[in-house]
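These are my notebook entries on what I looked up in the structure, kept in the order in which I went through it.

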Amino acid sequence: MVKQFLITRPNHDIITSYLHDFSKEIVRTVKGAQDIHITNLEGPNATRVKLEKALSKEKPKLVFLNGHGDRKKVAGHKDEIILDNKNVDLTKNKIIYSLSCDSLTDLGEISVKKGANAYIGYNASFMLVRDPSREGTPSKDKNALPFKKICVTMINSLVFGMSAETSIEKTKEEYRKLIRSYGTSEDDPYGDTPLIRFALAWNLEFLDMHGDPNAAF
Amino acid sequence: MSNKKFDLKTEQKTLVLERFKTLNPNSKLSLGGSKEVSVRQLIKHVEREDDFGKKVVQVQINMLKVLSGVI
């Protein structure tokens, strides 16, 4: 049986261009998997209408949201609100992983109350350290690499069937590993290591979930 | 021996501030919504002991625990 996976990938400003880059690998991986169908709402396609249509018609079991957010909403292309309390009931019977700021706090809780199996996200801002000279090419930004690794660890764990709780624990372990190991002179030409470690520690602190810890794709 | 009363919160705040003061004050962290916070601003938040500053201290202390292998 083919499993349905939905991803939103806005790409209209610096931060979303980094998140867009982080998710390239998982899109490539899933496209090569025979038992998973991916709906890739990329760039201008990351709209509320298209998200609602995909959630209703394709009934994806796993939804990966990338974009700006706050406690009550997650945004898509050009910061259009694509998920909030008015349409969050569409997350029923789904696992949501939201790589956005704060949305776990309120929206995550409401989502689970409305029937989502699990909502994974951050209870505070998602922090990132960028190399300003690489803003135009996020894939070449060495400062962003540890954040990309974390993103890949979490979504790979979920896509390949680990439970929400195990995926979070694996990702937290990756955070700890990176905090301990990051920072050779080769990694850190501009002395940004302490700040990168702090941002990783911040994200580690606020990554969490609501819902069923055993929920799996 | 000092008669000063040991206050864990004050000690933690001092430690965190001293660590941040070794960094370039203009270095920035990206938050969501295209917001940024510089090291200088982080220091101010910690000094003011506002909500964000308290979280910063908590995260730095937990980071030190990770670095030392406690967690």
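This is a predicted model: local features need pLDDT of at least 70, side-chain atom pairs count only at pLDDT 80 or more; totals for chains, interfaces and linings use all residues.

I started with A:Ser23, which lies in the loop between helix H1 (14-22) and helix H2 (24-31) of chain A. Is A:Ser23 buried or exposed? Its relative accessible area is 0%, so A:Ser23 is buried. I then looked up what A:Ser23 touches beyond the residues up to four places away in sequence, and found A:Ile7, A:Arg9, A:Phe64 and A:Asn66.

I next checked the length of helix H6 (residues 164-181) of chain A, where 18 residues at 1.5 Å a residue should span 26 Å; the end C-alpha atoms are 26 Å apart, so the two values agree. Which residues of H6(A) are buried? I listed A:Ala164, A:Ser167, A:Ile168, A:Thr171, A:Lys172, A:Glu174, A:Tyr175, A:Arg176, A:Leu178 and A:Ile179. As a reminder to myself, an α-helix has 3.6 residues a turn, so residues three or four places apart point the same way. In chain A, the buried residues of H6(A) pack against strand S8 (118-122), helix H5 (145-159), helix H7 (193-206) and strand S9 (207-211), and they also pack against helix H3 (51-67) of chain B.

**Entry 3, chain B as a whole.** I turned to chain B, whose secondary structure comes to three helices and two strands, running α-β-β-α-α from the N terminus on. Its C-alpha trace spans about 50 × 30 × 25 Å along the principal axes. Of the 71 residues in chain B, 38% are buried, and the chain exposes about 4,700 Å², with carbon and sulfur atoms supplying 51% of that area. Among the contacts in chain B with a separation of 6 or more, I noted that 39% join residues 24 or more positions apart.

I found two cavities of 30 Å³ or more, and the largest cavity holds about 80 Å³ of space. Which residues line the largest cavity? From chain A I wrote down A:Ile15, A:Leu19, A:Gly67, A:His68, A:Leu99, A:Ser100, A:Cys101, A:Phe126 and A:Leu128, and from chain B the residues B:Leu31 and B:Gly32. By class, this lining has seven nonpolar, four polar and no charged residues. I followed up B:Gly32, found in the loop between strand S1 (28-30) and strand S2 (36-38) of chain B; its relative accessibility is 7%, so B:Gly32 counts as buried. Leaving aside neighbours within four places in sequence, B:Gly32 is in contact with A:His68, A:Cys101, A:Ser125 and A:Phe126.

Last, I looked up the largest pocket, in which about 310 Å³ of space lies. It is lined by 13 residues, and the closest to its centre are B:Lys9, B:Gln12, B:Lys13, B:Lys54 and B:Val57. Helix H1 (8-20) and H3 of chain B each supply at least two residues of this lining, and the largest share, seven residues, comes from H3(B). The lining of the largest pocket has three nonpolar, five polar and five charged residues.

Terms used:
Residues are numbered from 1 along each chain as its sequence is written. Chains are lettered from A and ligands numbered from 1 in the order in which they are written. Side-chain values use heavy atoms; hydrogens and water are left out. Helices (H or I, at least four residues) and strands (E, at least two) are DSSP runs, numbered from the N terminus. The expected span of a helix is 1.5 Å times one less than its number of residues. Buried means under 20% relative accessible area, exposed over 50%, partly exposed in between (1.4 Å probe, protein chains only). Contact means heavy atoms within 4.5 Å. On a 1 Å grid over the protein atoms alone, a cavity is a set of points where a 1.4 Å probe fits but cannot get out, and a pocket is an open set with protein on both sides within 12 Å along at least five of seven lines; lining residues have an atom within 4 Å of a point. Grid points are joined across faces, edges and corners, and a volume is the space filled by probe spheres set on the points. Ala, Val, Leu, Ile, Met, Phe, Trp, Tyr, Cys and Pro count as nonpolar, Asp, Glu, Lys and Arg as charged, and the others, Gly among them, as polar. Accessible areas come from the Shrake-Rupley method with a 1.4 Å probe; for residues, only the protein chains shown count as cover.
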